[in-house]
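Open the model in your viewer and switch to a cartoon view.

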Amino acid sequence: MALTFTLDPEIDPALRDGVLALWADVTNAGGAVGFLPPVTADDIRPEWLGRLTELSEGRTRLLVGHDEDGAVAATAFLTHNRHRLMKHWIWLYVVMVHPRHQGKGYGRDLLAAAEAAARTFEGVEAIRLTCRGGTGVDRFYASCGYKEVGRVPDAIRVAPGDDREEIVMLLPLH
């Protein structure tokens, strides 16, 4: 069964708890979403609160995918640029699908929903994202139409002596 996607959902306690649980579960399964395992929802809460501020200011939009049971199964944050010379593209951050749903095509569905949402944003011509080197996720993004446009060596330190590239990818919308 497909996920049901909502852009700008109402932030209620169920959504809050669902996003925090998803973020922790994805991190603990090895997902490169800003934290290193092991984490709890409480570890992620300060980052979530920062995202809520961005949402309330209109700088960021939240896209959520719910599964057939109504559980939060996927998310992505679409963030507008504040720099006046870069308002023609947006960032895609914290792209997550719950580990229990891996392999069902939901990642592609999430990226397609993010692209569809971005196409409705006035003046937006592209989506840009970054991903951690060494995970293989860049191949997944490439298979969804994103093009690699740069790499920053040793930009992400996952542990002493374990630095990874930050891979920059772009999806033109025209």
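Predicted model: local features only at pLDDT ≥ 70, side-chain atom pairs only at ≥ 80, totals over all residues.

Numbering starts from 1 along each chain as its sequence is written, and side-chain values use heavy atoms, without hydrogens and water.

**The sheet.** Select the strands (DSSP runs of E, at least two residues, numbered from the N terminus). Seven strands form an open sheet with mixed pairing, in the order β1-β2-β3-β4-β5-β7-β6. Two strands pair if DSSP finds at least two bridges between them. At the edges sit β1 (4-7) and β6 (147-159), each pairing on one side only.

**One pair.** Select 72-80 and 89-97. These are β3 and β4, antiparallel over 6 bridges. Look for T79: opposite stands W91 in β4.

**Helix α1.** Now select 13-28. Helices are DSSP runs of H or I, at least four residues. Helix α1 packs on the sheet, touching β2 (60-66), β3 and β4. Contact means heavy atoms within 4.5 Å. Which residues of α1 are buried? Among them are L15, L22 and W23; buried means under 20% relative accessible area, with a 1.4 Å probe and protein chains only. Their cover includes α2 (41-57), β2, β3 and β4. Just after α1, pick G30, with a positive phi of about 100°.

Methods
Axes fitted to C-alpha atoms, helices over the stretch in contact; angles between N-to-C directions. Buried < 20%, exposed > 50% of the residue type's maximum accessible area, 1.4 Å probe, protein only.
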